[in-house]
Amino acid sequence: MTSPSPTRSVPELDAGMSKTLHHGLLLLRVLSEHPQGLTVSELADAISVHRTVAHRLVRTLEAHQLCRRDHQRRIVLGTGLVSLAEPVQQDLRALARPILDELAESTRATAHLLVQEGDSQMRALMVVEPRGALVHVSFRPGQTHSIEQGSGGVAVLAHGPYREGERVEVTEARAKGYAVTMGEVIPAVTGVSAAVPSSNGRAAASIGVSVFEYTDLDQLGTMVSRAARSLGRLLD
């Protein structure tokens with residue numbers, strides 16, 4: 001069995017850096033790429049340290065609620081990361097607001113920014129309703145649903161590599177560059193979303209619109225893809 005290791009680019013340790021902090025951050029990065037959790041021995045192998053060192057790192061991160069042990073005693077990310085991420089999400093909302101405003105007005109539809117939470121959920125971080133539209137979809141920020149349902153989650157999954165047994169909608173979204181689902185999160189509502197690209201090649205957010213009726217879904221797909229790329233460029 002191959003030992004886990006970080007798949008994203010890792011900065012090299014130099015004389016001006018803290019070796020302990022470097023290893024602690026590297027440990028968190030490895031955990032973010034293995035949501036099913038890892039043992040202390042697996043973490044030690046992944047970041048190339050002795051098991052005793054990995055144990056001390058885990059204990060320190062546990063004390064700060066940055067990691068925890070699940071019911072199988074495997075190490076997973078902790079809830080303390082949520083509070084650390086909140087200022088970042090505030091900045092994300094500020095950058096996304098004008099893009100969502102423009103998307104909502106140009107499509108006359110409700111625009112939304114969804115972010116991935118953990119390995120299995122998407123959360124509505126921002127929702128912008130079109131001004132003056134007689135009929136539009138309405139829902140509040142903070143709502144969550146499975147990443148396997150709805151165009152926002154499908155778009156994020158499609159941004160990654162092919163997975164055995166994945167939904168056909170994910171495969172189609174990977175080919176088109178945007179996802180389309182119907183009635184999966186809100187009955188009778190069609191969602192069209194595109195993943196927000198990032199410099200590390202992964203996607204943890206999507207921009208999309210929700211509509212009751214729209215005759216040209218390809219046009220909507222082009223518009224949400226453009227909006228997602230615009231936000232991605234601002235985040236680079």
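**Helix H2.** I started with the buried residues of H2, which are Val-40, Glu-42, Leu-43, Ala-44, Ala-46 and Ile-47. Buried here is under 20% relative accessible area, exposed is over 50%, and partly exposed is in between (1.4 Å probe, protein chains only). Helices (H or I, at least four residues) and strands (E, at least two) are DSSP runs, numbered from the N terminus.

Housekeeping: this is a predicted model, where local features need pLDDT of at least 70 and side-chain atom pairs count only at pLDDT 80 or more, while totals for chains, interfaces and linings use all residues. Residues are numbered from 1 along each chain as its sequence is written, and side-chain values use heavy atoms, with hydrogens and water left out.

Back to H2, residues 40–47: six of its eight residues are buried, so I noted the helix as mostly covered. What covers them includes helix H1 (19–32), helix H3 (51–63), strand E1 (67–69) and strand E2 (75–77), with contact meaning heavy atoms within 4.5 Å. Just after H2, Ser-48 takes a positive phi of about 60°.

**Glu-42.** I then looked up this residue of helix H2. Glu-42 has a relative accessible area of 19%, which makes it buried. Its side chain joins that of Arg-74 in a polar contact of 3.3 Å. For that term I need a pair of N or O atoms within 3.5 Å; within protein, one must be able to donate a hydrogen and the other to accept it, and residues adjacent in sequence count only if both atoms are side-chain atoms. Ile-75 is 33 residues from Glu-42 in sequence and 9.8 Å away in space, C-alpha to C-alpha.

**Strand E7.** Is E7 enclosed or open? Six of its six residues are buried, so the rest of the structure largely encloses it. On one side I find Thr-190, Val-192 and Ala-194, and on the other Gly-191, Ser-193 and Ala-195. E7 runs antiparallel to strand E6 (residues 179–182), with four bridges, and Thr-181 has Gly-191 as its bridge partner. Six bridges join E7 to strand E8 (residues 205–211), again antiparallel; there Thr-190 is partnered with Val-211. Strands pair if DSSP finds at least two bridges between them.

**Second largest pocket.** I got a volume of about 230 Å³. The lining has 20 residues, and His-112, Phe-139, His-145, Val-185 and Ser-210 lie nearest the centre. Strand E7 (190–195) is one of the elements that supply at least two lining residues each.

Terms used
On a 1 Å grid over the protein atoms alone, a cavity is a set of points where a 1.4 Å probe fits but cannot get out, and a pocket is an open set with protein on both sides within 12 Å along at least five of seven lines; lining residues have an atom within 4 Å of a point. Grid points are joined across faces, edges and corners, and a volume is the space filled by probe spheres set on the points.
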